[in-house]
Amino acid sequence: MASDIVPIELGLTDGPVYTLWAPRWRDGEDEWEAFLGLDEDLYGFSSVAELVAFARSGKPNDLDDHPAWEALTTLPAEAFVPRDDRSFDVISVPELAAEEPTPEVIAELEDTLEIVGLIGEVCELVDVTKFFNGNPVLGTVRIGTRNFEGREGAEMWHKVGQIISRKWDDVIDAIEGVVSTPKVAAGATATAEEELTAAAERAAALAVDDDDLDTDLDDLDDDLDADAEAGDAEDVDSAGAVADGVADDDEDEYEEDDSFWGQVGIDPIKIITSTGEYYTLRCYLDDNPVFLGRKGKIFVFDSEGALARYLADDDDTDLSAVSTYDEVRVAATDGSLEIEVYDDNVYVLPGIGEDIADGPRRIDRDQLDLAVELLLDSADFADDATVRDALRPTTPLGFFVSYALDPQPRRLAPSGPFDNEAEAWRALEHDFEDRLTTK
């Protein structure tokens, strides 16, 4: 499940088009997935600037109701430039399937087939869904390189290529049949283009600065080596001082969290489970997680206010051992305490089990990464090793999670179906929810 809207590039017959894709999100009990468009049309623009201009235009579209849409329309133009891994050359799929099945080729083909399949589902394109549903052998591409090793693997790869070469033109025609480009204001497009040009110039300047810094550091290393060989200790010390100065400058660039919570070293966190939204506190002592709770139980509250009131009245928790906890209690007592949760301390559990069942390519990596962090921390707090054992790479779930968080092209992909992995994850979620005590 993803909460973002991401820009993508589709390589079509007349050239690349740019659009937006909203991976699965949930609205109450309903689950949605969408592309930028309206009704039967999929909107595609010949430039990123035109895409930006449309997003800012306020014109109706199918993403209007997405929770991230309003925020997206305020982003700078460069945020609409697709990442390299979100550029899909639909036209070149037959040529790609005719190449040798290297990990890189298989990964690119898998990604392109997946996005095309999603377009077919969302836009209800019969020719596209028939292509995938009628050719289950295409599912072998999702399993990585394993299916295409040896003689039998070569035959399987040849079969995949044959299917694509025969039917891919119908897939392209179906997609291009629903792509349309709504008109956008020329002035808005020009403004976006200026932003993109300025951003590219800034990026180029930073790249030059990085090259200069690398050159300076290389020269510095050469000087140090020369001084060492000459036995000139004084020059070596001087050069060392210069190197220390570079390090000090880097440290100065690091911005410390000078908020109240940053100073006390305790974080308010928000946890969203299948039963509701909760707030609590967590910190780390010698890298060991300590929650607001007792004997492995985590005390949670259904509002920031309820958490603050508890902190003012109670101190009998494991967190009381933290030296700065008294400062939190004092602030809660005098009414000055504000519960502020940063984005990287918001943990969303609902939907991950369903996404695991759909395979690693459908996972929101950020959501999964945070959820793994929370489950591990809570288990460590309770001195319970079951979560770490369940997530070891040697277990099916652990292998799945490891790949989903770091899907390198050369890594062997887990093979479906993933029902067992999904059930194992739901069991971990259930155990975690049992650790929560609502106050």
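Is Trp 168 buried or exposed, and at what relative accessibility? At 0% relative accessibility, Trp 168 counts as buried. Here buried means under 20% relative accessible area, exposed over 50%, and partly exposed in between (1.4 Å probe, protein chains only).

The model is predicted: local features need pLDDT of at least 70, side-chain atom pairs count only at pLDDT 80 or more, and totals for chains, interfaces and linings use all residues. Residues are numbered from 1 along each chain as its sequence is written, and side-chain values use heavy atoms, with hydrogens and water left out.

Trp 168 has an aromatic partner in Phe 131. Rings of Phe, Tyr and Trp (its six-membered ring) pair if their centres lie within 6.5 Å; planes under 30 degrees apart count as stacked, over 60 as edge-to-face and the rest as tilted. By this rule the model holds eleven aromatic pairs. In one of them, the ring centres of Phe 131 and Phe 132 are 5.1 Å apart and the planes stand at 85°, so this pair is edge-to-face. The pair of Phe 131 and Trp 168 is edge-to-face, with 5.5 Å centre to centre and 70° between the planes. Phe 131 belongs to helix α5 (residues 126-133) and Trp 168 to helix α6 (residues 150-178), so their pairing ties together parts 37 residues apart in sequence. Helices (H or I, at least four residues) and strands (E, at least two) are DSSP runs, numbered from the N terminus. Phe 131 is buried, at a relative accessible area of 4%. Elsewhere, ring pairs join Tyr 43, Phe 45 and Phe 54 into a cluster.

Phe 54 is also a contact of Asn 61. Contact means heavy atoms within 4.5 Å. With neighbours within four places in sequence left aside, Asn 61 also touches Leu 36, Gly 37, Leu 38 and Trp 69. Asn 61 is found in the loop between α1 (48-55) and α2 (69-72). It counts as buried, at 5% relative accessibility. Its side chain reaches the backbone oxygen of Lys 59 at 3.3 Å. A polar atom of that side chain lies 2.7 Å from the backbone nitrogen of Leu 63.

The largest nonpolar core has 55 residues. Such a core is a set of buried Ala, Val, Leu, Ile, Met, Phe, Trp, Tyr and Cys residues joined through side-chain atoms within 4.5 Å. Ile 266, Leu 292, Leu 311, Leu 319 and Trp 425 have the most contacts inside it. Helix α13 (residues 365-381) gives the most to this core, with eight residues. Apart from it lies another core, of 39 residues, among them Leu 42, Ala 97, Val 105 and Ala 174. Beyond four places in sequence, the contacts of Leu 319 include Ile 266, Cys 283, Val 290 and Leu 292.

Cys 283 and Val 290 are bridge partners, the latter in β10. Strand β9 (residues 276-285) pairs with strand β8 (residues 267-273) in the antiparallel sense over seven bridges. Two strands pair if DSSP finds at least two bridges between them. Thr 273 stands opposite Gly 276 in β9. β8 and β9 form a hairpin with two residues between them. β9 and strand β10 (residues 288-291) pair in the antiparallel sense over four bridges. Their hairpin has two residues between the strands, and Asp 286 takes a positive phi near 55° there.

Definitions and conventions: A polar contact is a pair of N or O atoms within 3.5 Å; within protein, one must be able to donate a hydrogen and the other to accept it, and residues adjacent in sequence count only if both atoms are side-chain atoms.
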